[in-house]
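Biologist: Could you walk me through this one? I have not looked at it before.
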Amino acid sequence: MFSGFDFDVIARSAPYLFKEGMTFTLTLTAMAMTGGIFFGTLLAMMRLSSFKWLNVPAAAYVNLMRSVPLVLVIFWFYFLVPYIGAWIIGAKEPVRVGAFMSSVITFMMFEAAYYAEIMRAGIQSVPRGQVWAGYALGLNYWQTMAQIVLPQAFRNMLPVLLTQTIILFQDTSLVYVLSITDFLGAAAKIAQRDGRLIEMYLFVAVVYFIISFSLSYGVKHLQQRIAIIR
Amino acid sequence: MPMIEFKNVSKWYANFQVLTNCTTRVEKGEVIVVCGPSGSGKSTLIKCVNGLEPFQQGEIFVNSQSVGAKETDLNRLRSMIGMVFQSFELFPHMKVADNVNLGQVKVLGRSVEEAMAKSMSLLKRVGLEAHAHKFPGQLSGGQQQRVAIARALAMDPIAMLFDEPTSALDPEMINEVLDVMVELAHEGMTMMVVTHEMGFARKVANRVIFMDRGEIVEDAKKEDFFGKPRSERAVQFLSKILHH
(Lines give C-alpha, C1' and ligand atoms only; values in the text may rest on other atoms or scores of the structure.)
Protein backbone atom coordinates (compact mmCIF):
# COMPACT_ATOMS: atom_id res chain seq x y z
CA MET A 1 0.00 0.00 0.00
CA PHE A 2 2.88 2.37 0.73
CA SER A 3 4.72 1.41 -2.47
CA GLY A 4 4.12 4.77 -4.11
CA PHE A 5 5.30 6.68 -1.05
CA ASP A 6 8.70 8.23 -0.61
CA PHE A 7 9.52 8.05 3.06
CA ASP A 8 13.04 9.14 2.37
CA VAL A 9 11.81 12.71 2.14
CA ILE A 10 11.23 12.58 5.89
CA ALA A 11 14.75 11.45 6.66
CA ARG A 12 16.13 14.13 4.39
CA SER A 13 14.08 16.94 5.83
CA ALA A 14 14.08 15.86 9.49
CA PRO A 15 16.99 18.10 10.58
CA TYR A 16 15.25 21.11 9.07
CA LEU A 17 11.85 20.15 10.46
CA PHE A 18 13.09 19.77 14.01
CA LYS A 19 15.79 22.42 14.09
CA GLU A 20 13.68 25.14 12.52
CA GLY A 21 10.10 24.02 12.99
CA MET A 22 9.95 22.16 16.27
CA THR A 23 12.23 24.66 18.00
CA PHE A 24 9.82 27.41 17.06
CA THR A 25 6.79 25.39 18.15
CA LEU A 26 8.29 24.52 21.54
CA THR A 27 9.56 28.04 22.17
CA LEU A 28 6.18 29.50 21.35
CA THR A 29 4.44 26.92 23.56
CA ALA A 30 6.76 27.57 26.49
CA MET A 31 6.51 31.35 26.26
CA ALA A 32 2.75 31.33 25.76
CA MET A 33 2.33 28.98 28.70
CA THR A 34 4.47 31.08 31.04
CA GLY A 35 2.83 34.34 30.03
CA GLY A 36 -0.60 32.77 29.83
CA ILE A 37 -0.43 31.37 33.35
CA PHE A 38 0.93 34.67 34.68
CA PHE A 39 -1.76 36.85 33.09
CA GLY A 40 -4.38 34.14 33.62
CA THR A 41 -3.68 34.15 37.34
CA LEU A 42 -3.99 37.94 37.45
CA LEU A 43 -7.26 37.73 35.50
CA ALA A 44 -8.55 35.06 37.88
CA MET A 45 -7.71 37.24 40.88
CA MET A 46 -9.48 40.17 39.20
CA ARG A 47 -12.55 38.06 38.48
CA LEU A 48 -12.72 36.95 42.10
CA SER A 49 -12.30 40.49 43.37
CA SER A 50 -15.25 42.13 45.08
CA PHE A 51 -14.51 45.37 43.21
CA LYS A 52 -16.76 45.78 40.17
CA TRP A 53 -14.16 47.80 38.27
CA LEU A 54 -11.85 44.78 38.45
CA ASN A 55 -14.15 41.82 38.02
CA VAL A 56 -16.37 43.17 35.22
CA PRO A 57 -13.55 43.93 32.73
CA ALA A 58 -11.83 40.65 33.58
CA ALA A 59 -15.01 38.66 33.00
CA ALA A 60 -15.67 40.52 29.75
CA TYR A 61 -12.16 39.82 28.50
CA VAL A 62 -12.27 36.12 29.40
CA ASN A 63 -15.70 35.65 27.82
CA LEU A 64 -14.71 37.50 24.67
CA MET A 65 -11.55 35.46 24.15
CA ARG A 66 -13.34 32.21 24.83
CA SER A 67 -16.08 33.01 22.33
CA VAL A 68 -13.89 33.87 19.34
CA PRO A 69 -12.06 31.37 17.11
CA LEU A 70 -8.33 31.32 17.70
CA VAL A 71 -7.53 31.84 14.00
CA LEU A 72 -9.42 35.12 14.07
CA VAL A 73 -7.57 36.28 17.16
CA ILE A 74 -4.26 35.42 15.50
CA PHE A 75 -5.20 37.56 12.51
CA TRP A 76 -6.46 40.44 14.62
CA PHE A 77 -3.40 40.58 16.80
CA TYR A 78 -1.08 40.29 13.82
CA PHE A 79 -2.64 43.33 12.19
CA LEU A 80 -3.58 45.23 15.34
CA VAL A 81 -0.56 44.80 17.61
CA PRO A 82 1.65 47.16 15.55
CA TYR A 83 -1.00 49.88 15.89
CA ILE A 84 -1.67 49.19 19.57
CA GLY A 85 2.07 49.26 20.22
CA ALA A 86 2.33 52.59 18.42
CA TRP A 87 -0.58 53.95 20.43
CA ILE A 88 0.99 52.85 23.73
CA ILE A 89 4.39 54.40 23.10
CA GLY A 90 2.89 57.32 21.22
CA ALA A 91 4.64 56.66 17.93
CA LYS A 92 3.23 57.87 14.62
CA GLU A 93 4.15 54.80 12.59
CA PRO A 94 2.93 51.29 13.43
CA VAL A 95 5.53 49.43 15.47
CA ARG A 96 7.35 46.63 13.70
CA VAL A 97 6.57 43.58 15.78
CA GLY A 98 7.49 40.61 13.64
CA ALA A 99 5.60 37.38 13.20
CA PHE A 100 7.25 35.64 16.14
CA MET A 101 6.56 38.33 18.76
CA SER A 102 3.09 38.81 17.36
CA SER A 103 2.27 35.14 17.75
CA VAL A 104 3.79 35.01 21.25
CA ILE A 105 1.62 37.93 22.35
CA THR A 106 -1.45 36.44 20.67
CA PHE A 107 -1.12 33.05 22.30
CA MET A 108 -0.26 34.55 25.67
CA MET A 109 -3.35 36.72 25.69
CA PHE A 110 -5.62 34.06 24.23
CA GLU A 111 -4.47 31.27 26.52
CA ALA A 112 -4.60 33.63 29.50
CA ALA A 113 -8.38 33.51 29.22
CA TYR A 114 -8.39 29.72 29.49
CA TYR A 115 -5.74 29.56 32.21
CA ALA A 116 -7.75 32.23 34.06
CA GLU A 117 -10.76 29.95 34.31
CA ILE A 118 -8.57 27.10 35.55
CA MET A 119 -6.87 29.30 38.14
CA ARG A 120 -10.22 30.71 39.23
CA ALA A 121 -11.39 27.19 40.04
CA GLY A 122 -8.03 26.53 41.72
CA ILE A 123 -8.23 29.61 43.92
CA GLN A 124 -11.79 28.75 44.88
CA SER A 125 -10.70 25.23 45.80
CA VAL A 126 -8.62 26.67 48.66
CA PRO A 127 -10.86 26.80 51.76
CA ARG A 128 -11.84 30.21 53.08
CA GLY A 129 -10.31 29.36 56.46
CA GLN A 130 -6.85 29.31 54.87
CA VAL A 131 -7.31 32.92 53.79
CA TRP A 132 -8.56 33.81 57.26
CA ALA A 133 -5.55 32.13 58.82
CA GLY A 134 -3.25 34.20 56.61
CA TYR A 135 -5.03 37.46 57.39
CA ALA A 136 -5.12 36.59 61.10
CA LEU A 137 -1.31 36.46 61.09
CA GLY A 138 -1.28 39.97 59.69
CA LEU A 139 -0.39 39.05 56.11
CA ASN A 140 -1.82 41.44 53.51
CA TYR A 141 -3.77 40.40 50.39
CA TRP A 142 -0.71 39.91 48.14
CA GLN A 143 1.23 38.01 50.81
CA THR A 144 -1.75 35.76 51.52
CA MET A 145 -2.15 35.09 47.80
CA ALA A 146 1.55 34.45 47.16
CA GLN A 147 2.32 32.41 50.27
CA ILE A 148 -0.90 30.53 50.95
CA VAL A 149 -3.58 30.57 48.25
CA LEU A 150 -1.69 30.39 44.93
CA PRO A 151 0.75 27.60 45.90
CA GLN A 152 -2.22 25.43 46.89
CA ALA A 153 -4.26 26.49 43.87
CA PHE A 154 -1.39 25.59 41.51
CA ARG A 155 -0.94 22.23 43.15
CA ASN A 156 -4.64 21.42 42.95
CA MET A 157 -4.86 22.53 39.33
CA LEU A 158 -1.51 21.27 38.02
CA PRO A 159 -2.96 18.39 35.95
CA VAL A 160 -5.56 20.66 34.34
CA LEU A 161 -2.97 23.37 33.67
CA LEU A 162 -0.73 20.86 31.94
CA THR A 163 -3.60 19.43 29.92
CA GLN A 164 -4.39 22.95 28.73
CA THR A 165 -0.72 23.32 27.79
CA ILE A 166 -0.91 20.20 25.62
CA ILE A 167 -3.87 21.75 23.82
CA LEU A 168 -1.83 24.93 23.46
CA PHE A 169 1.04 22.93 21.97
CA GLN A 170 -1.30 21.64 19.27
CA ASP A 171 -2.95 25.00 18.73
CA THR A 172 0.35 26.72 17.99
CA SER A 173 0.21 25.02 14.57
CA LEU A 174 -2.42 27.61 13.63
CA VAL A 175 0.35 30.17 13.15
CA TYR A 176 0.63 28.73 9.64
CA VAL A 177 -1.93 31.39 8.67
CA LEU A 178 0.85 33.95 9.22
CA SER A 179 3.20 31.85 7.02
CA ILE A 180 5.42 31.18 10.00
CA THR A 181 7.78 28.21 9.91
CA ASP A 182 6.61 26.25 12.92
CA PHE A 183 6.77 22.46 12.83
CA LEU A 184 3.67 22.15 10.66
CA GLY A 185 4.71 25.14 8.56
CA ALA A 186 8.15 23.65 7.91
CA ALA A 187 6.61 20.33 6.89
CA ALA A 188 4.13 22.09 4.63
CA LYS A 189 6.98 23.90 2.86
CA ILE A 190 8.82 20.63 2.18
CA ALA A 191 5.57 18.97 1.14
CA GLN A 192 4.84 21.66 -1.44
CA ARG A 193 8.40 21.80 -2.70
CA ASP A 194 8.80 18.03 -3.17
CA GLY A 195 5.17 17.22 -3.88
CA ARG A 196 5.08 14.80 -0.96
CA LEU A 197 1.96 16.02 0.84
CA ILE A 198 0.72 12.75 2.24
CA GLU A 199 4.07 11.60 3.60
CA MET A 200 4.80 14.91 5.30
CA TYR A 201 1.35 15.43 6.78
CA LEU A 202 1.30 11.85 8.02
CA PHE A 203 4.68 12.32 9.63
CA VAL A 204 3.62 15.60 11.25
CA ALA A 205 0.51 13.93 12.65
CA VAL A 206 2.55 11.07 14.08
CA VAL A 207 5.01 13.45 15.77
CA TYR A 208 2.21 15.58 17.27
CA PHE A 209 0.49 12.42 18.44
CA ILE A 210 3.58 10.96 20.09
CA ILE A 211 4.44 14.18 21.92
CA SER A 212 0.87 14.96 23.03
CA PHE A 213 0.06 11.41 24.01
CA SER A 214 3.19 10.91 26.07
CA LEU A 215 2.62 14.26 27.80
CA SER A 216 -0.97 13.25 28.61
CA TYR A 217 0.31 9.99 29.96
CA GLY A 218 2.78 11.91 32.11
CA VAL A 219 -0.01 14.14 33.42
CA LYS A 220 -2.09 11.09 34.33
CA HIS A 221 0.89 9.66 36.18
CA LEU A 222 1.45 12.95 37.98
CA GLN A 223 -2.22 13.10 38.95
CA GLN A 224 -1.94 9.76 40.69
CA ARG A 225 1.20 10.85 42.51
CA ILE A 226 -0.45 14.04 43.71
CA ALA A 227 -3.46 12.03 44.83
CA ILE A 228 -1.24 9.98 47.10
CA ILE A 229 0.46 12.99 48.67
CA ARG A 230 -2.80 14.70 49.56
CA MET B 1 -8.40 50.42 80.02
CA PRO B 2 -9.79 47.15 78.63
CA MET B 3 -7.78 45.09 76.14
CA ILE B 4 -10.84 44.41 73.99
CA GLU B 5 -14.00 46.46 74.18
CA PHE B 6 -17.27 45.91 72.27
CA LYS B 7 -19.67 48.83 72.07
CA ASN B 8 -23.14 48.08 70.67
CA VAL B 9 -21.82 45.90 67.85
CA SER B 10 -24.43 44.85 65.29
CA LYS B 11 -23.93 42.89 62.11
CA TRP B 12 -26.19 41.85 59.26
CA TYR B 13 -25.86 39.35 56.43
CA ALA B 14 -28.06 41.13 53.90
CA ASN B 15 -31.34 41.41 55.85
CA PHE B 16 -30.51 38.78 58.44
CA GLN B 17 -29.19 40.19 61.69
CA VAL B 18 -26.45 37.98 63.18
CA LEU B 19 -25.28 40.27 65.98
CA THR B 20 -27.49 42.63 67.95
CA ASN B 21 -26.08 45.39 70.16
CA CYS B 22 -23.26 43.33 71.62
CA THR B 23 -21.49 45.17 74.43
CA THR B 24 -18.82 43.68 76.63
CA ARG B 25 -15.17 44.03 77.54
CA VAL B 26 -12.11 41.90 78.13
CA GLU B 27 -9.57 43.26 80.60
CA LYS B 28 -5.86 42.59 80.28
CA GLY B 29 -5.07 39.10 81.55
CA GLU B 30 -8.71 38.03 81.63
CA VAL B 31 -10.00 34.77 80.18
CA ILE B 32 -13.50 35.05 78.76
CA VAL B 33 -15.42 32.01 77.61
CA VAL B 34 -18.14 32.58 75.03
CA CYS B 35 -20.77 29.87 74.76
CA GLY B 36 -24.22 29.40 73.32
CA PRO B 37 -26.18 27.22 70.91
CA SER B 38 -24.89 26.87 67.34
CA GLY B 39 -25.85 29.78 65.14
CA SER B 40 -25.95 32.12 68.11
CA GLY B 41 -23.25 34.37 66.64
CA LYS B 42 -20.38 33.54 68.98
CA SER B 43 -17.86 32.70 66.23
CA THR B 44 -18.95 35.75 64.30
CA LEU B 45 -18.45 37.90 67.40
CA ILE B 46 -14.83 36.89 67.91
CA LYS B 47 -14.05 37.11 64.18
CA CYS B 48 -15.13 40.75 64.41
CA VAL B 49 -12.33 41.41 66.91
CA ASN B 50 -9.60 41.10 64.27
CA GLY B 51 -11.76 42.27 61.41
CA LEU B 52 -12.12 38.91 59.65
CA GLU B 53 -15.84 39.65 59.74
CA PRO B 54 -16.88 43.24 59.12
CA PHE B 55 -19.68 44.71 61.22
CA GLN B 56 -22.06 47.50 60.30
CA GLN B 57 -22.82 49.21 63.60
CA GLY B 58 -21.04 49.91 66.86
CA GLU B 59 -17.35 49.85 67.64
CA ILE B 60 -14.71 47.40 68.77
CA PHE B 61 -11.52 48.65 70.38
CA VAL B 62 -8.43 46.50 70.72
CA ASN B 63 -5.77 48.11 72.86
CA SER B 64 -7.78 51.35 72.32
CA GLN B 65 -7.51 51.09 68.52
CA SER B 66 -10.84 51.02 66.70
CA VAL B 67 -11.06 47.89 64.53
CA GLY B 68 -13.59 49.28 62.08
CA ALA B 69 -11.96 52.71 61.64
CA LYS B 70 -10.56 53.52 58.19
CA GLU B 71 -7.28 54.88 59.56
CA THR B 72 -6.54 51.66 61.48
CA ASP B 73 -3.79 49.51 59.95
CA LEU B 74 -5.79 46.29 60.09
CA ASN B 75 -2.86 44.06 59.10
CA ARG B 76 -0.76 45.45 61.93
CA LEU B 77 -3.61 45.09 64.39
CA ARG B 78 -4.21 41.49 63.30
CA SER B 79 -0.53 40.66 63.77
CA MET B 80 -0.93 41.57 67.45
CA ILE B 81 -3.94 39.28 67.99
CA GLY B 82 -3.42 35.54 67.84
CA MET B 83 -6.21 33.43 66.44
CA VAL B 84 -6.84 29.69 66.59
CA PHE B 85 -9.51 28.15 64.36
CA GLN B 86 -11.85 25.21 64.73
CA SER B 87 -10.31 23.37 61.76
CA PHE B 88 -6.69 24.34 62.61
CA GLU B 89 -6.07 25.97 59.22
CA LEU B 90 -2.39 25.09 59.14
CA PHE B 91 -0.92 25.68 55.71
CA PRO B 92 -0.77 22.16 54.27
CA HIS B 93 1.97 22.90 51.71
CA MET B 94 4.44 24.10 54.35
CA LYS B 95 6.32 22.15 56.96
CA VAL B 96 5.29 22.63 60.57
CA ALA B 97 8.27 24.89 61.33
CA ASP B 98 7.57 27.02 58.24
CA ASN B 99 3.96 27.40 59.34
CA VAL B 100 5.21 28.91 62.59
CA ASN B 101 7.91 30.98 60.83
CA LEU B 102 5.74 32.52 58.13
CA GLY B 103 4.16 35.41 60.03
CA GLN B 104 7.33 36.17 61.94
CA VAL B 105 9.35 36.55 58.74
CA LYS B 106 6.76 38.15 56.44
CA VAL B 107 4.94 40.37 58.93
CA LEU B 108 7.33 41.04 61.80
CA GLY B 109 10.41 41.10 59.57
CA ARG B 110 12.42 38.70 61.69
CA SER B 111 15.32 36.89 60.06
CA VAL B 112 14.73 33.23 59.23
CA GLU B 113 17.26 32.14 61.91
CA GLU B 114 15.60 34.31 64.53
CA ALA B 115 12.14 33.05 63.57
CA MET B 116 13.32 29.45 63.54
CA ALA B 117 14.75 29.76 67.06
CA LYS B 118 11.46 31.18 68.31
CA SER B 119 9.43 28.55 66.44
CA MET B 120 11.48 25.69 67.85
CA SER B 121 11.16 26.93 71.41
CA LEU B 122 7.39 27.28 70.99
CA LEU B 123 7.08 23.87 69.35
CA LYS B 124 9.04 22.47 72.25
CA ARG B 125 6.67 24.14 74.62
CA VAL B 126 3.65 22.44 72.99
CA GLY B 127 5.61 19.18 72.91
CA LEU B 128 6.08 18.97 69.15
CA GLU B 129 9.69 19.93 68.43
CA ALA B 130 10.28 16.44 67.03
CA HIS B 131 7.63 17.10 64.35
CA ALA B 132 9.01 20.43 63.12
CA HIS B 133 10.04 19.03 59.74
CA LYS B 134 6.85 17.13 59.01
CA PHE B 135 3.90 18.40 57.01
CA PRO B 136 0.68 19.20 58.88
CA GLY B 137 -1.12 16.32 57.14
CA GLN B 138 1.20 13.88 58.89
CA LEU B 139 0.08 15.02 62.36
CA SER B 140 -3.01 14.12 64.38
CA GLY B 141 -5.74 16.71 64.93
CA GLY B 142 -4.60 17.47 68.45
CA GLN B 143 -1.03 17.94 67.30
CA GLN B 144 -2.12 20.20 64.45
CA GLN B 145 -4.11 22.39 66.82
CA ARG B 146 -1.10 22.69 69.13
CA VAL B 147 1.00 23.78 66.14
CA ALA B 148 -1.70 26.34 65.34
CA ILE B 149 -1.43 27.69 68.89
CA ALA B 150 2.36 27.88 68.54
CA ARG B 151 1.94 29.69 65.22
CA ALA B 152 -0.28 32.29 66.88
CA LEU B 153 2.03 32.68 69.89
CA ALA B 154 5.05 33.20 67.61
CA MET B 155 3.71 36.66 66.82
CA ASP B 156 3.97 37.67 70.51
CA PRO B 157 0.27 38.55 70.59
CA ILE B 158 -1.28 40.86 73.17
CA ALA B 159 -4.43 38.72 73.16
CA MET B 160 -5.55 35.35 71.82
CA LEU B 161 -8.84 34.41 70.17
CA PHE B 162 -9.95 30.77 70.10
CA ASP B 163 -12.83 29.78 67.83
CA GLU B 164 -14.07 26.38 69.05
CA PRO B 165 -10.51 25.03 69.21
CA THR B 166 -11.53 21.53 70.30
CA SER B 167 -14.77 21.01 68.36
CA ALA B 168 -13.12 19.24 65.43
CA LEU B 169 -11.03 16.94 67.61
CA ASP B 170 -11.50 13.33 68.59
CA PRO B 171 -12.37 13.11 72.30
CA GLU B 172 -9.00 11.66 73.31
CA MET B 173 -7.17 14.64 71.84
CA ILE B 174 -9.19 17.40 73.45
CA ASN B 175 -7.20 17.47 76.66
CA GLU B 176 -3.79 17.87 75.08
CA VAL B 177 -5.07 21.09 73.49
CA LEU B 178 -6.94 22.29 76.57
CA ASP B 179 -3.83 21.72 78.71
CA VAL B 180 -1.86 24.15 76.53
CA MET B 181 -4.67 26.68 76.79
CA VAL B 182 -4.91 26.33 80.57
CA GLU B 183 -1.17 26.93 80.84
CA LEU B 184 -1.50 30.05 78.70
CA ALA B 185 -4.31 31.31 80.89
CA HIS B 186 -2.24 30.80 84.02
CA GLU B 187 0.58 32.79 82.46
CA GLY B 188 -1.76 35.76 82.22
CA MET B 189 -2.55 35.75 78.51
CA THR B 190 -5.66 37.71 77.61
CA MET B 191 -7.98 35.18 76.00
CA MET B 192 -11.39 35.09 74.40
CA VAL B 193 -12.48 31.50 73.90
CA VAL B 194 -15.54 30.22 72.07
CA THR B 195 -16.05 26.71 73.41
CA HIS B 196 -18.49 24.20 74.79
CA GLU B 197 -15.86 22.82 77.18
CA MET B 198 -17.46 23.88 80.44
CA GLY B 199 -14.72 22.14 82.41
CA PHE B 200 -12.24 24.57 80.86
CA ALA B 201 -14.53 27.47 81.68
CA ARG B 202 -14.83 26.33 85.32
CA LYS B 203 -11.08 25.97 85.61
CA VAL B 204 -9.72 29.18 84.11
CA ALA B 205 -12.45 31.57 82.97
CA ASN B 206 -12.94 34.88 84.72
CA ARG B 207 -16.26 35.51 83.04
CA VAL B 208 -18.65 33.57 80.86
CA ILE B 209 -20.63 35.19 78.07
CA PHE B 210 -23.74 33.36 76.95
CA MET B 211 -25.07 34.22 73.51
CA ASP B 212 -28.32 33.34 71.81
CA ARG B 213 -29.70 34.58 68.47
CA GLY B 214 -26.96 37.16 68.09
CA GLU B 215 -27.44 38.73 71.51
CA ILE B 216 -25.30 38.62 74.59
CA VAL B 217 -27.91 37.20 76.96
CA GLU B 218 -25.67 36.73 79.94
CA ASP B 219 -22.27 38.19 80.86
CA ALA B 220 -21.36 37.06 84.33
CA LYS B 221 -18.57 35.88 86.60
CA LYS B 222 -18.18 32.16 86.15
CA GLU B 223 -19.32 31.45 89.72
CA ASP B 224 -22.54 33.31 89.04
CA PHE B 225 -23.03 31.81 85.61
CA PHE B 226 -22.70 28.23 86.75
CA GLY B 227 -24.24 28.83 90.19
CA LYS B 228 -27.31 30.87 89.35
CA PRO B 229 -27.76 31.72 85.68
CA ARG B 230 -30.35 34.44 85.42
CA SER B 231 -31.89 33.81 82.03
CA GLU B 232 -34.17 30.92 81.14
CA ARG B 233 -32.25 30.36 77.89
CA ALA B 234 -28.93 29.95 79.71
CA VAL B 235 -30.51 27.50 82.16
CA GLN B 236 -31.83 25.42 79.28
CA PHE B 237 -28.50 25.54 77.45
CA LEU B 238 -26.54 24.49 80.52
CA SER B 239 -28.88 21.62 81.28
CA LYS B 240 -28.44 20.40 77.72
CA ILE B 241 -24.68 20.39 77.67
CA LEU B 242 -23.98 19.42 81.29
CA HIS B 243 -26.37 16.46 81.70
CA HIS B 244 -25.94 13.77 79.12
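Biologist: Is A:Glu117 buried or exposed?

Modeller: A:Glu117 is buried, with a relative accessible area of 18%, where buried means under 20% relative accessible area, exposed over 50% and partly exposed in between, using a 1.4 Å probe and protein chains only. Please keep in mind that this is a predicted model, in which local features need pLDDT of at least 70 and side-chain atom pairs count only at pLDDT 80 or more, while totals for chains, interfaces and linings use all residues. Residues are numbered from 1 along each chain as its sequence is written, chains are lettered from A and ligands numbered from 1 in the order in which they are written, and side-chain values use heavy atoms, with hydrogens and water left out.

Biologist: Which side chain does A:Glu117 meet in a salt bridge?

Modeller: That partner is A:Arg47, at 2.9 Å from N to O; a salt bridge here is a side-chain nitrogen of Lys or Arg within 4 Å of a carboxyl oxygen of Asp or Glu. The pair links distant parts of the chain, since A:Arg47 sits in helix 1 (residues 8–47) of chain A and A:Glu117 in helix 4 (residues 99–124) of chain A, 70 residues apart. Helices (H or I, at least four residues) and strands (E, at least two) are DSSP runs, numbered from the N terminus.

Biologist: Switching to the interface, how many residues of chain A are in contact with chain B?

Modeller: 17 residues of chain A are in contact with 22 residues of chain B, contact meaning heavy atoms within 4.5 Å. The two chains bury about 1700 Å² between them, 64% of it on carbon and sulfur atoms; buried area is the accessible area (1.4 Å probe) that two parts lose on being put together, summed over both. Across this interface of chain A and chain B the rule finds zero salt bridges.

Biologist: Which elements of chain A give two or more residues to that side?

Modeller: Those are helix 5 (128–136) and helix 6 (141–171) of chain A, and helix 5 of chain A gives the most, with seven residues.

Biologist: What does helix 3 of chain B pack against?

Modeller: The buried residues of helix 3 of chain B pack against helix 6 of chain A, together with helix 4 (112–125) and helix 5 (141–153) of chain B. Eight of the eleven residues of helix 3 (residues 96–106) of chain B are buried, so this helix is largely enclosed by the rest of the structure.

Biologist: Last topic, how many disulfides are there over all chains?

Modeller: There are zero disulfides over all chains, a disulfide being a pair of cysteine sulfur atoms within 2.5 Å. The sulfur of B:Cys35, for instance, is 14 Å from the closest cysteine sulfur, in B:Cys22, which is too far for a bond.
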